[in-house]
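Q: I have a model open and want to learn how to read it. Where do we begin?

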Amino acid sequence: MTTSKDLFAAAKRLIPGGVNSPVRACLSVGSDPLFIASAKGARLTTVDGDELVDFVMSWGPMLLGHQHPDVARAAHAAVDRGASYGAPCPDEVRMAELVAEAVPGVDMLRMVNSGTEATMSALRLARGATGRDKVVKFKGCYHGHADAFLAAAGSGVATLSIPGTPGVPADTVKDTLLADYNDLDAVAALFAAHGADIACVIVEPMAGNMGLVPAAPGFLEGLRTLCDEHGALLIFDEVITGFRLAYGGAQARFGVTPDLTTLGKIIGGGFPVGCYGGKREIMERIAPVGDVYQAGTLSGNPVAMAAGVATLTALRQADYAALEARTAALADELGDILRAKGAPVTVNTLASMFTIFFTEGPVTDFPSAAKSDGALYTSFYRQMRDAGIYLAPSGFECAMVSFAHTDEDFAKTLDAARAVKL
Ligand SMILES: *Cc1c(COP(=O)(O)O)cnc(C)c1O
């Protein structure tokens with residue numbers, strides 16, 4: 001039998017770090033990756049034959065659980081009709097209808113192949129539509145790996161402590177202005193200094209890439225007002241929050257409507273999909289109607305669209321409130337268990353996500369998230385994994401709960417936590 005250990009050794013010879021996305025290498029938790037043979041519901045089976053309760057869920061896409069029957073059936077049927085045409089297909093239209101109907105700020109949209117592509121394209125559009133170059137982003141927010149966003153980014157960049165990255169021209173990030181999350185005064189100061197040059201503010205309407213950090217009351221409303229006062233566009237990066245905070249995303253839940261929205265993860269049901277959309281007059285600047293160029297050979301791919309349509313159709317009827325209540329109960333109990341062991345613990349939870357920070361908190365932005373004790377997280381992560389619980393291999397991520405997680409999965413998780421020694 002081929003083991004994770006053997007596969008990782010072989011992978012490291014051919015793939016940088018042995019992985020196709022850095023955080024999977026498990027470096028920040030001093031572990032080696034597990035290679036997955038299959039997944040069903042909320043369980044992963046490794047090539048080593050171990051079964052684990054999954055709280056990564058492909059970093060968010062699998063809100064319905066692995067191998068949801070409707071999604072699997074739709075994808076199989078699509079494959080049987082041909083994998084890609086490079087020409088329009090019916091499910092692209094259905095997908096556009098479903099997204100536009102659900103997300104308040106989206107009148108028109110364009111499908112792409114990843115969240116990175118979505119944010120990169122939305123930024124180009126915002127710059128094209130306003131004729132301005134500068135973008136305001138928040139420290140610890142992650143918007144994919146396009147050059148302009150790789151200044152003080154979260155996610156894998158946070159754990160690797162790369163201040164930006166080599167390969168990004170200084171001239172590119174000079175137009176990226178940074179503020180702390182939840183700090184409206186800082187954004188107001190940036191507008192006071194650069195208002196006429198700011199094309200857009202991009203924000204995760206609930207930060208998920210420095211661990212879970214909710215927007216403070218009034219923060220999103222304040223950004224909306226500042227953007228309106230200065231003729232800048234507001235972009236909600238809902239790659240995590242879209243169809244998770246509510247069916248219509250954070251904007252439906254919080255009642256603040258951005259000019260542009262980026263989506264990914266869940267909308268592909270596990271296939272590579274991203275999307276950007278927004279107000280009609282802005283989206284009509286995109287080629288071929290308008291002059292802002294953006295294209296993609298595999299965009300609107302028939303298999304991915306079929307899976308996306310099946311996913312959104314199932315989610316439209318899902319009981320989000322029940323999942324949120326179950327998630328909060330689990331997260332609170334995990335927090336209590338760890339606190340009783342003497343660890344400093346702050347639990348942030350919203351919808352079907354939570355993060356346990358090993359710090360007294362509160363955690364409201366990147367500097368406060370960064371106080372979380374990395375050694376404690378590593379110890380917690382490793383013991384949980386050994387006990388069959390698969391958490392994110394970084395303390396700066398959200399645990400993702402799905403509609404497929406059962407009470408038995410939760411009980412196993414709590415038992416594992418009770419046995420942890422910190
Ligand atoms: C994951 C993520 C992205 C990037 O999406 P990819 O599909 O990994 O390129 C962008 N923005 C946010 C908020 C994300 O969480």
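A: Begin with contacts along the sequence. This is a predicted model. Among contacts in the protein chain with a separation of 6 or more, 72% join residues 24 or more positions apart.

Q: How many helices and strands does the protein chain have?
A: Count the runs of each kind. The protein chain has 15 helices and 16 strands. Its radius of gyration is 21 Å, close to the 22 Å that the globule rule gives for 422 residues, so the chain is as compact as a globular protein of that length. Along the principal axes, the C-alpha atoms fill a box of roughly 55 × 55 × 45 Å.

Q: What share of the 422 residues is buried?
A: Buried means under 20% relative accessible area. By that cut-off, 55% of the 422 residues in the protein chain are buried. The accessible surface of the chain is about 16,900 Å², and carbon and sulfur atoms hold 55% of that surface.

Q: Which residues are around the ligand?
A: List the shell, then sort it by class. The shell consists of S114, G115, T116, Y142, H143, G144, E204, N209, D237, V239, I240 and K265. By class, three are nonpolar, six polar and three charged.

Q: How much of the ligand's accessible area does the protein cover?
A: Compare the ligand on its own with the ligand in place. On its own, the ligand has 380 Å² of accessible area, and the protein covers 83% of that.

Note on methods:
Residues are numbered from 1 along each chain as its sequence is written. This is a predicted model: local features need pLDDT of at least 70, side-chain atom pairs count only at pLDDT 80 or more; totals for chains, interfaces and linings use all residues. Side-chain values use heavy atoms; hydrogens and water are left out. A residue is near a molecule or strand if one of its heavy atoms lies within 4 Å of it. Accessible areas come from the Shrake-Rupley method with a 1.4 Å probe; for residues, only the protein chains shown count as cover. Ala, Val, Leu, Ile, Met, Phe, Trp, Tyr, Cys and Pro count as nonpolar, Asp, Glu, Lys and Arg as charged, and the others, Gly among them, as polar. Helices (H or I, at least four residues) and strands (E, at least two) are DSSP runs, numbered from the N terminus. The radius of gyration is taken over C-alpha atoms; the globule rule is 2.2 Å times the number of residues to the power 0.38. Buried means under 20% relative accessible area, exposed over 50%, partly exposed in between (1.4 Å probe, protein chains only). Contact means heavy atoms within 4.5 Å.
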